[in-house]
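Look over the sequence and the model below. The text then walks through them step by step.

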Number of protein chains: 2
Amino acid sequence: MRQVRVELGERSYPIHIGSGLLSDAALLRASVSGSQALVLTNPTVADLYLERVLSAFTDVDVDVHMMPDGESHKSLEEYGRALDFLLSKRHNRTTTVVALGGGVVGDLAGFVAATYQRGVGFVQIPTTLLAQVDSSVGGKTAVNHSAGKNMIGAFYQPSCVIADLAVLASLPAREFRAGLAEVIKYGVIFDAGFFAWLEESADKILALDEAALAHAVARSAEIKAEVVASDERESGIRAILNYGHTFGHAIEKLTQYGTYLHGEAVAIGMVQAAIYGCLAETLSIDDGRRIRRLVERFELPCEPPQLSVESVLEAMGMDKKVSDGKLRLIVPVAIGRVEIRDADSKPLRQALEYSVAGASPLDGSSDG
Amino acid sequence: MRQVRVELGERSYPIHIGSGLLSDAALLRASVSGSQALVLTNPTVADLYLERVLSAFTDVDVDVHMMPDGESHKSLEEYGRALDFLLSKRHNRTTTVVALGGGVVGDLAGFVAATYQRGVGFVQIPTTLLAQVDSSVGGKTAVNHSAGKNMIGAFYQPSCVIADLAVLASLPAREFRAGLAEVIKYGVIFDAGFFAWLEESADKILALDEAALAHAVARSAEIKAEVVASDERESGIRAILNYGHTFGHAIEKLTQYGTYLHGEAVAIGMVQAAIYGCLAETLSIDDGRRIRRLVERFELPCEPPQLSVESVLEAMGMDKKVSDGKLRLIVPVAIGRVEIRDADSKPLRQALEYSVAGASPLDGSSDG
């Protein structure tokens, strides 16, 4: 088992990473400090893992609350339902909310934990790759609003994260690959060596090689932990974690969150941001092509759907990353390094037009 | 103008206290750091003060959101309405939510500020005595649930509190007196000298003497600030601020929040907790009588309504102050000092029975 620590003073916590952790009853049991717990999950995940988790809590007053599967249920309505349930079961301030599932379950459960009686215990047991490398780490909790994703939420750190790599084997291939988009992101924004390792290790990762997976997840969690530790509430540097997300969120929104998995939209967004970087002359064409090629290597989409440039700009305008009227973009300047810049509208439009036309400076190969 | 500082590291903030502060445009303007603001208020308060507040924000992109007056509107529904409004007006992460009103407005606006886009700016302009000495200070934000008051919320500190003493003159007398209950509380829990000063200054305070009011509000805010600074999230000592509230909340709940103002229920609760203290032999009868007499002196109720002992115990059982099955009470041991103790059921029942019978060890005078 590997352990990554998120250093946040008195809110510091460990991320346990290893194969078979869901069968480690002692580890699970130690994560709940009071005498009550609520496991929040969905039927799909419950079928696979609930029994195993509950068997660790035989001496805890534990309740299970189910939410429907899918991003559209990460809503104020489901949030209210979970609160109603906690109250009906008379959970008190010492209870612990255990999120067993992917990002939707984790984000909603986290917001419930953050706000039930002004904050109770919270444990993340992420069961998707995306949740293990991204959403379960760093304390961003939220629900969606019809006006935008994650518009309502709180920063609230879990007391620990338990990432069992064995669960990745039962993940649909498409969902697994979507998680790899965030793994690529960490290489682009922070660690050229990790990016190069991903290029070399793509076959092993796609074959679910255990050692390769452990390194991919642990290094991703380490990078996220380091960025979050230096800027918990995203007043500065933490925004680099949004690389690819400004474009990606616009695409998700304009396709009504029904066409792409989040990681797929981020994959497209990372390529668009790389195109923007090339056009704004912050990034070399060669580096841009390496980004695009790694996205392709992991069988993720690179091309956005047919959307008008104006509609994308409009959708980006309401993005959370807008600060006082200016649109800030996370722009790569090299593999392993990004900068936070005010968007320059000319290369931005051009990048979106390239995307619409299905052709860009990144087409073709960098070594051909 | 007096200034009290709430010391919470990087979340420290000032409480400005003085007469006429709502006409201090520079002070108001300085409280908003970005280019957007939302003033959240209700029609009653808006009629009196909104124009004055808005005139300080001529160079800010300011919107006004009204919520209905009254505790029953401190709900998830109204919370959702306020979020819808912020999104419809395209407020971004640098906006500031300005709470202009009493505790209901402040608690709801604070929860909105805490959770809109995971937290935006927040300023408290309390317009009732209760809000000035209690709810606006310390960062407790919340909405109610049918299962209990303040069951959903967050700890979220404002960037400043602006308490204009001049507004107290326009407050209905009953509401003013209800605020005095919390003022008495600070004397009982923390400062015997302040309690004695209140006994001596009751006439001046009830006559709205400016210097007396300024001291009553400032000393209350100071005590609250000191307690909150040492235990922001109520893991220990902060609970002493709940003196009188466990009984008070039960009374409010059993009378459907329709009979008593919050401060009135707290006044009754403080007397009940004093009776409990006398019966549990932590408090002298003389000190208990001084508490009861000061409550009476400020024309606040001392006797609870006719409620069965069992129903009160049941209502206390679901109170937030229940931790792992035990009911903790804030018990006075002397004027100026309280202790947090597990409730002893015999004197607790006895205290409630005395209350029901309308007679108690505190009846009569300590000096007669």
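Where in chain B is B:Arg90 found? B:Arg90 is in a loop of chain B, the one between helix H3 (76-88) and strand S5 (96-101). Keep in mind that this is a predicted model. The phi of B:Arg90 is near 55°. That is a positive value, and the residue is not a glycine. Most residues other than glycine have a negative phi. B:Arg90 has 15 other C-beta atoms within 10 Å, so it counts as partly exposed.

A:Asn150 is partly exposed, because 18 C-beta neighbours lie inside 10 Å; the buried class would need 20 or more.

Now take the two chains together. Chain A superposes on chain B by a rotation of 180°, with 0.0 Å of shift along the axis. The RMSD is 0.0 Å. The two copies are therefore related as by a two-fold rotation axis.

How many residues of chain A are in contact with chain B? The contact joins 32 residues of chain A to 32 residues of chain B. On the side of chain A, the elements giving two or more residues are helix H3 (76-88), helix H4 (103-115), strand S7 (140-145), S8 and strand S10 (322-323). S8(A) provides the largest share, 6 residues. By class, the side of chain A has 13 nonpolar, 12 polar and 7 charged residues. The copies meet through the same surface, because 100% of the interface residues of chain A are also interface residues in chain B.

Next, look within chain A. The chain is divided into domain 1 (2-170) and domain 2 (173-357). Taken over C-alpha atoms, the centres of these domains are 26 Å apart. Their contact takes 28 residues from domain 1 and 29 residues from domain 2. On the side of domain 1, strand S1 (2-6), strand S2 (13-18), helix H5 (129-135) and S8 each supply at least two residues. H5(A) gives the most, with 5 residues. The side of domain 1 that touches domain 2 has 15 nonpolar, 7 polar and 6 charged residues.

Sheets come next. Strands of a sheet pair through backbone hydrogen bonds, either parallel or antiparallel. In chain B, an open sheet of 7 strands has the order S1-S2-S9-S6-S5-S3-S4. Its pairing is mixed. The edges are strand S1 (2-6) and strand S4 (61-66), each of which pairs on one side only. Neighbouring strands are turned by 20° against each other on average, direction ignored. One of the pairs joins strand S2 (residues 13-18) to strand S9 (residues 160-164) of chain B. These two strands run parallel, over 4 bridges. In this pair, B:Ile17 stands opposite B:Ala163.

Finally, return to chain A for a hairpin. Do strands S11 and S12 of chain A run parallel or antiparallel? Strand S11 (residues 326-334) and strand S12 (residues 337-342) run antiparallel, joined by 6 bridges. A:Leu329 stands opposite A:Arg341 in S12(A). The hairpin has 2 residues between the strands. There, A:Gly336 takes a positive phi near 95°.

Terms used. Residues numbered from 1 in each chain as written. Chains lettered and ligands numbered in written order. Predicted model: local features only at pLDDT ≥ 70, side-chain atom pairs only at ≥ 80, totals over all residues. Buried ≥ 20, exposed ≤ 12 C-beta atoms within 10 Å, placed from the backbone. Least-squares fit on C-alpha atoms with pLDDT ≥ 70 in both. Contact = placed C-beta atoms within 7 Å. Pairing = 2+ DSSP bridges. Nonpolar A, V, L, I, M, F, W, Y, C, P; charged D, E, K, R; others polar. Axes fitted to C-alpha atoms, helices over the stretch in contact; angles between N-to-C directions. Domains from an automatic or database assignment.
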